Structures are given as structure tokens and as C-alpha cells.
Amino acid sequence: MVLEHRPPSKQGPFKVAALWCTLAGMTTRPKVLYASEPALDAAEFRRVLVESGLGVTRPVDDDLRLKAMLANADLMLTARLAAPDKPLIGLARGITDFSWVCYISELAVCKSAQGLGIGKGLLDEARRQLGPSVAMSLISVPDAVGFYERIGMTRMADAFWFGRER
């Protein structure tokens, strides 16, 4: 399902967090809409990065850089709550050739929605869109390693890194 691009909610992130706090206590899981949103708004991107905890490792105070990150992504998937405002609660951003490999540069789920299957749902949607001949790789933050192991990703020991200078 593809959603139309919508500007960020005028009600702000606190309404989204309050809504999720209410939903997290429910016995049934809320319906989530997964979609490709190549024109995702930078403000929504920033909000989910911050609310997920990834904001401490991303340039959330550099609007131009966030916009460049979005503009140059080959894969931009979102998870939105199936509610009137369709608030963004998770996202996956990837760089890929659509033939061999996709590097997932962000998998971010608002903390209030973590543990509800949103991250796995985003990765499942990425695998569906990429097809069976494309591998996926990512670099995990230390606190998320167990999540990736639980969903069946293989830990790779032979990865290398040149750090950025800014």
C-alpha cells in the first residue's frame, strides 16, 4: 500500500507519544500501514530519529544534511499508525542497487512503539520490495543487537569502517 505524502501533523510529537502510550496498554495491536514514501518530510524524519533514540547518533540539528539524507536514499519506507492523522511511528532508509545488496542506514521506531513488531514489519516490507536476490546489511547500535539476532539476521564479524570527519 502506498500512502500519499502528507505534511507533518500540526499537533506535534507529544500527541503521537500520548496516543502510543494509550495504545501500548491495549490487548490488541493497532493496525500499522507500511509504505514507500520517497518524499518523506525532514521534520517527520527528525522526530522519529529523536523519539527512537537514534537522534544522538544522527545530525538532527542539521536540516540541510537531513534533507540530503532523504533525497539520496534509494529506499524510504514508513510505518504509520492507521488512525485519522496517520502519525509516523517508524521508518527504514536504505541505499541500494536493487540487484545485489541494500544497506539499511536507519531503522528507527519511536520508543513508545518499540516491541510491537514495527521494526520487523519495516524490514519485512524492505525484503518484499527488494526481492529475494537482494541481501540487506546494516550497522546496529549496541542496544539493538539482540533485536536483529531475534529476527534472524546473521551477525557479520568482518565489517570495516572509515569514520566521518564531521
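Start with the whole protein chain and its contacts (heavy atoms within 4.5 Å). Among the contacts between residues at least 6 apart in sequence, 65% join residues at least 24 apart.

A quick word on what you're looking at: this is a predicted model, where local features need pLDDT of at least 70 and side-chain atom pairs count only at pLDDT 80 or more, while totals for chains, interfaces and linings use all residues. Residues are numbered from 1 along each chain as its sequence is written, and side-chain values use heavy atoms, with hydrogens and water left out.

**Stop 1: the cartoon view**

Trace the chain along the sequence and the pattern reads α-β-α-α-β-β-β-α-β-α.

Now show the surface: the protein chain exposes about 10100 Å², and carbon and sulfur atoms supply 57% of it. That area comes from the Shrake-Rupley method with a 1.4 Å probe; for residues, only the protein chains shown count as cover.

**Stop 2: the cores**

How much of the chain is buried? Buried residues make up 38% of the 166 residues. Buried means under 20% relative accessible area, exposed means over 50%, and partly exposed is in between (1.4 Å probe, protein chains only).

Next, select Cys102, Leu107, Ile118, Leu122, Leu130 and Met136: of the 20 residues in the largest nonpolar core, these touch the most other members. Strands E2 (75-81), E3 (88-96) and E4 (101-109) and helix H4 (118-130) each supply at least two residues of this core, and H4 gives the most, with five residues. By nonpolar core we mean a set of buried Ala, Val, Leu, Ile, Met, Phe, Trp, Tyr and Cys residues joined through side-chain atoms within 4.5 Å. In soluble globular proteins, nonpolar side chains tend to be buried together.

Zoom in on Leu107. Leaving aside neighbours within four places in sequence, its contacts include Leu54, Leu91, Phe147 and Tyr148. Then look for a second, separate core of 15 residues, with Ala42, Val48, Leu49 and Leu88 among them.

**Stop 3: two helices crossing**

Select residues 42-52 (helix H2) and 63-71 (helix H3): they pack at an angle of about 100 degrees, with their axes 10 Å apart. Axes are lines fitted to C-alpha atoms, for helices over the stretch in contact, and angles run from 0 to 180 degrees between N-to-C directions. So H2 is roughly perpendicular to H3, a label for angles of 65 to 115 degrees.

Show side chains here: Ala42, Phe45, Arg46 and Leu49 in H2 meet Asp63, Leu66, Lys67, Met69 and Leu70 in H3.

While you're in H2, click Val50. Val50 is partly exposed, at 49% relative accessibility. Setting aside residues up to four places away in sequence, Val50 touches Gly55 and Val60.

**Stop 4: two loop residues**

Which way does phi go in most residues? Most residues other than glycine have a negative phi. Now pick Lys86, in the loop between E2 and E3: its phi is positive, about 50 degrees, although it is not a glycine. Lys86 is partly exposed, with a relative accessible area of 28%.

Finish at Phe98, in the loop between E3 and E4. Phe98 also has a positive phi, near 60 degrees, and is partly exposed, with a relative accessible area of 45%.

Notes:
Helices (H or I, at least four residues) and strands (E, at least two) are DSSP runs, numbered from the N terminus. Angles under 35 degrees count as roughly parallel, over 145 as roughly antiparallel, 65 to 115 as roughly perpendicular and the rest as oblique.
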